[in-house]
Amino acid sequence: MRSGSLNMPHLEFAKCLSFCCFAIVVAASGLLCACASKSPLQEHMTAGADYLDKGWNDKALSEYDAALKIDAKSSEATAGRAVALGRLGKEDQAIAEFDRALQAKPLDPQIRLEKGRLYLAMGEDKKAIACFEEALKLNPDMAHAYSSRAAAYYHQGQYEKCIEDCNRALRLNANQWRALVNRGNAYFAKGDYKTAMEDYSEALRLEPGNAGIMANVANTYYMNKQFQQSVDVCNQALARDGSNVQALLGRGAALAQMGRLKEAIADCDQVIKKSPGLEQAYANRGNALYFSGQASSATADLTSAIKLDPHDPLP
């Protein structure tokens with residue numbers, strides 16, 4: 001399942017892949033809002049949405065299950081259950097639940113949006129785009145659908161389409177920070193780091209303290225060879241979220257460029273402990289080990305990186 005997070009650069013060749021705004025967000029979407037009255041069904045729905053917002057997906061699933069015991073035909077509870085299942089890595093069950101919700105409410109653009117977001121997280125960009133387009137046919141003014149489709153276009157390398165959709169989303173809602181980050185990612189991929197930084201900075205103004213956006217800012221500093229600034233911003237991100245893999249990986253890359261190889265290796269060690277399948281962490285550590293004179297260990301790490309992603313050229 002796609003992590004939805006920004007992959008920071010190799011020591012020699014940097015690249016920007018994606019940002020955490022691609023994660024499924026339900027509480028902000030309005031799909032599962034609580035109604036004014038507080039029937040038992042609505043209490044479970046409210047609790048489920050709150051748990052999703054906090055990332056307590058098991059608890060959210062239990063609340064939606066309880067809601068469905070009260071009303072087995074509730075499309076909102078079914079869709080909420082689908083989101084929780086998707087976040088728990090049970091994608092096939094989640095898609096089946098979304099389809100069941102759409103059988104009850106085929107003209108609900110929000111459910112189609114959430115289904116598309118799950119496909120996006122799964123790396124199924126074509127299916128995601130199809131869902132977003134269906135949602136937009138039902139509601140052409142759906143800013144979240146444009147922003148989410150932009151993310152899919154970004155993953156396909158269609159950067160101009162990504163930028164166009166972000167512009168549409170921002171015309172509908174100037175405070176759509178996710179659209180700003182997506183557009184910034186597209187400009188970053190095109191090598192326009194100045195414009196990317198402008199978008200990331202505006203997104204950070206709207207969403208202050210967001211460690212993922214800070215990691216993007218740090219990556220842009222890195223590409224401009226402003227390594228100390230990159231380290232400083234990564235430190236700020238880690239002060240907000242000490243387990244942020246992107247900030248750790250980015251700080252390690254910048255430290256290595258500054259010749260602080262021991263610290264760079266320590267950051268990579270932490271990343272590998274948290275995300276043992278992340279190819280880039282092995283590549284970064286392998287390079288740092290090589291330049292610190294540990295050729296044998298470097299070779300082992302670079303070999304691991306190749307095994308994890310044979311198609312990614314190493315520096």
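Predicted model: local features only at pLDDT ≥ 70, side-chain atom pairs only at ≥ 80, totals over all residues.

Me: What is it built from, helices or strands?
Reply: Helices. The protein chain has 16 of them and 0 strands.

Me: OK, helix pairs. How do α3 and α4 pack?
Reply: Helix α3 covers residues 75-87 and helix α4 covers residues 91-104. Their axes are 8 Å apart, at an angle of about 165°. Angles over 145 degrees count as roughly antiparallel, so α3 and α4 are roughly antiparallel to each other.

Me: Is that crossing left-handed or right-handed?
Reply: α3 and α4 cross in a left-handed way.

Me: Which residues meet there?
Reply: From α3, they include S75, T78, A79 and R81, plus A82, V83, L85 and G86. On the α4 side you find Q93, A94, E97 and F98, along with R100, A101 and A104.

Me: Next pair. What's the geometry of α12 and α13?
Reply: Helix α12 is residues 227-240, and helix α13 is residues 245-257. They pack at about 155°, and their axes lie 9 Å apart. That angle makes α12 roughly antiparallel to α13. The crossing of α12 and α13 is left-handed.

Me: And which residues make the contact between α12 and α13?
Reply: α12 brings F227, S230, V231, C234, N235, A237 and L238. α13 brings A247, L248, G250, R251, A254, L255 and Q257.

Me: You mentioned C234. Is it buried or exposed?
Reply: Buried. C234 has a relative accessible area of 1%, and the cut-off for buried is under 20%.

Me: Switching to cysteines in general, how many disulfides are there?
Reply: The structure holds 0. C162, for one, is in no disulfide.

Me: Which cysteine sulfur is nearest to C162, and how far away?
Reply: The sulfur of C166, at 4.2 Å. A disulfide needs the two sulfur atoms within 2.5 Å.

Me: Is C162 buried or exposed?
Reply: C162 counts as buried, because its relative accessibility is 0%.

Methods: Residues numbered from 1 in each chain as written. Heavy atoms only, no water. Buried < 20%, exposed > 50% of the residue type's maximum accessible area, 1.4 Å probe, protein only. Helix = DSSP H or I, 4+ residues; strand = E, 2+ residues; numbered from the N terminus. Axes fitted to C-alpha atoms, helices over the stretch in contact; angles between N-to-C directions. Parallel < 35°, antiparallel > 145°, perpendicular 65-115°, else oblique. Left-handed = near helix turned anticlockwise from the far one by under 90°. Contact = heavy atoms within 4.5 Å.
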